[in-house]
Amino acid sequence: MNPEDLVREHTVYACVMGSRAFGLATEGSDTDRRGVFRAPTPLFWRFEKPPTHVDGPADEQFSWELERFCLLALRGNPNALECLHSPLVEHADATGRELLALREAFLSRQAHETFVRYAIGQRRKLEADLRKHGAPRWKHAMHLLRLLGTCRDLLRTGRLVVDAGDQREPLLAVKRGEVSWAEVERRMNRLGEEADTALADSPLPAEPDRARVEDFVIRTRRASALGV
């Protein structure tokens with residue numbers, strides 16, 4: 001089966017991500033779409049397995065195969081976890097709704113390591129831009145600050161909220177280049193320290209509920225094999 005047809009015919013969950021989901025959209029912002037498709041079980045019986053992810057078929061569209069998506073979310077991947085908490089859901093069939101009902105099973109204190117590790121990688125890219133071009137990519141700096149704030153609040157409350165809320169204007173000021181790099185660095189450091197502090201008393205469990213998620217994947221695979 002053509003990879004794009006897997007997305008067209010077997011998507012179980014689809015949402016809008018990026019600035020529009022984060023409450024940071026401005027005029028001209030792209031519409032980033034993310035989704036999860038369930039490849040039919042018989043496709044896994046062949047030597048050539050179905051793809052773990054697919055770009056397209058629409059512009060700015062990216063989808064994961066269900067099992068791959070669940071593994072990423074269990075590992076605390078920020079992109080996967082935030083996808084499950086988008087306020088802009090465009091499609092969810094019965095399997096997709098069950099996946100959404102499992103959102104809390106994916107959350108754990110491991111998010112601290114994965115979010116912070118991702119943030120460190122992004123910060124290094126910003127610093128490389130600063131050395132090479134004399135300024136960072138301010139849009140990327142904005143999203144990094146948002147991510148660090150999301151991580152801190154997740155660890156504090158046990159809830160993952162992707163909308164920037166009352167931080168919208170301060171973050172957009174960063175995107176417009178109205179905040180000095182020194183101040184952006186100060187905010188990054190503060191948010192990182194606050195996330196570290198929140199980890200010790202976080203209401204999140206130490207590990208995600210892997211068994212519950214695995215049961216979901218097995219049941220959906222079995223249902224697909226039976227043509228359900």
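User: Why does Ser-202 count as buried?

Analyst: The model is a predicted one. Ser-202 has a relative accessibility of 4%, and the cut-off for buried is under 20%; Ser-202 therefore counts as buried. The residue belongs to the loop between α10 (181-200) and α11 (210-225).

User: What does Ser-202 touch, leaving out residues up to four places away in sequence?

Analyst: Ser-202 touches Arg-109 and Leu-155. A polar atom of the Ser-202 side chain lies 2.8 Å from the backbone oxygen of Leu-155, and a polar contact requires N or O atoms within 3.5 Å. By contact, heavy atoms within 4.5 Å are meant.

User: What is the corresponding reasoning for Cys-70?

Analyst: For Cys-70 the closest cysteine sulfur is that of Cys-83, 11 Å away, which is too far for a bond. Cys-70 is buried, at 2% relative accessible area. The structure holds 0 disulfides.

User: Which residues of the largest nonpolar core touch the most other members?

Analyst: They are Tyr-13, Phe-69, Cys-70, Leu-99, Phe-106, Val-184 and Met-188, in a core of 57 residues. Helix α8 (residues 138-157) supplies the largest share, 9 residues. A second, separate core has 6 residues, including Leu-6 and Phe-37. In general, nonpolar side chains of soluble globular proteins tend to be buried together.

User: What is Leu-99 in contact with, leaving aside neighbours within four places in sequence?

Analyst: The contacts of Leu-99 are Tyr-13, Val-36, Leu-66, Phe-69, Cys-70, Leu-84, Phe-106 and Phe-216.

User: What makes strand β1 mostly covered, and with which strand does β1 pair over 6 bridges?

Analyst: Of the 7 residues in β1 (residues 11-17), 7 are buried. The partner over 6 bridges is strand β2 (residues 32-37), in the antiparallel sense, with Val-16 opposite Arg-33. At least two bridges are needed for pairing. β1 also pairs with strand β5 (residues 89-92), antiparallel over 3 bridges, where Ala-92 is the bridge partner of Tyr-13.

User: Why is His-85 called buried?

Analyst: The relative accessible area of His-85 is 11%, and buried means under 20%, so His-85 is called buried. His-85 lies in the loop between α4 (78-84) and β5. A polar atom of its side chain is 2.9 Å from the backbone oxygen of Leu-81. Not counting residues up to four places away in sequence, His-85 touches Arg-103, Glu-104, Leu-107, Leu-160 and Val-162.

User: What makes the pair Glu-67 and Arg-221 a salt bridge?

Analyst: Their closest N and O atoms are 3.1 Å apart, and the cut-off for a salt bridge is within 4 Å. Glu-67 lies in helix α3 (residues 66-74) and Arg-221 in helix α11, so the pair ties together parts 154 residues apart in sequence. Glu-67 is partly exposed, at 36%, whereas Arg-221 is buried, at 12%.

User: Which parts are tied together by Arg-219 and Glu-98?

Analyst: Arg-219 lies in helix α11 and Glu-98 in helix α5 (residues 94-101), so the pair ties together parts that are 121 residues apart in sequence. Their side chains meet in a salt bridge at 2.4 Å, N to O. Arg-219 is partly exposed, at 35% relative accessible area, and Glu-98 is partly exposed, at 28%. A search of the whole structure finds 20 salt bridges.

User: What is the phi of Glu-60, and why is Glu-60 described as partly exposed?

Analyst: Phi of Glu-60 is near 60 degrees, a positive value in a residue other than glycine. Most residues other than glycine have a negative phi, and most peptide bonds are trans. Glu-60 is found in the loop between β3 and β4. In the loop between β3 (53-55) and β4 (61-65) lies Pro-57, and the peptide bond from Gly-56 to Pro-57 is cis, with omega near 10 degrees.

Methods. Residues are numbered from 1 along each chain as its sequence is written. This is a predicted model: local features need pLDDT of at least 70, side-chain atom pairs count only at pLDDT 80 or more; totals for chains, interfaces and linings use all residues. Side-chain values use heavy atoms; hydrogens and water are left out. A nonpolar core is a set of buried Ala, Val, Leu, Ile, Met, Phe, Trp, Tyr and Cys residues joined through side-chain atoms within 4.5 Å. Buried means under 20% relative accessible area, exposed over 50%, partly exposed in between (1.4 Å probe, protein chains only). Helices (H or I, at least four residues) and strands (E, at least two) are DSSP runs, numbered from the N terminus. A polar contact is a pair of N or O atoms within 3.5 Å; within protein, one must be able to donate a hydrogen and the other to accept it, and residues adjacent in sequence count only if both atoms are side-chain atoms. A disulfide is a pair of cysteine sulfur atoms within 2.5 Å.
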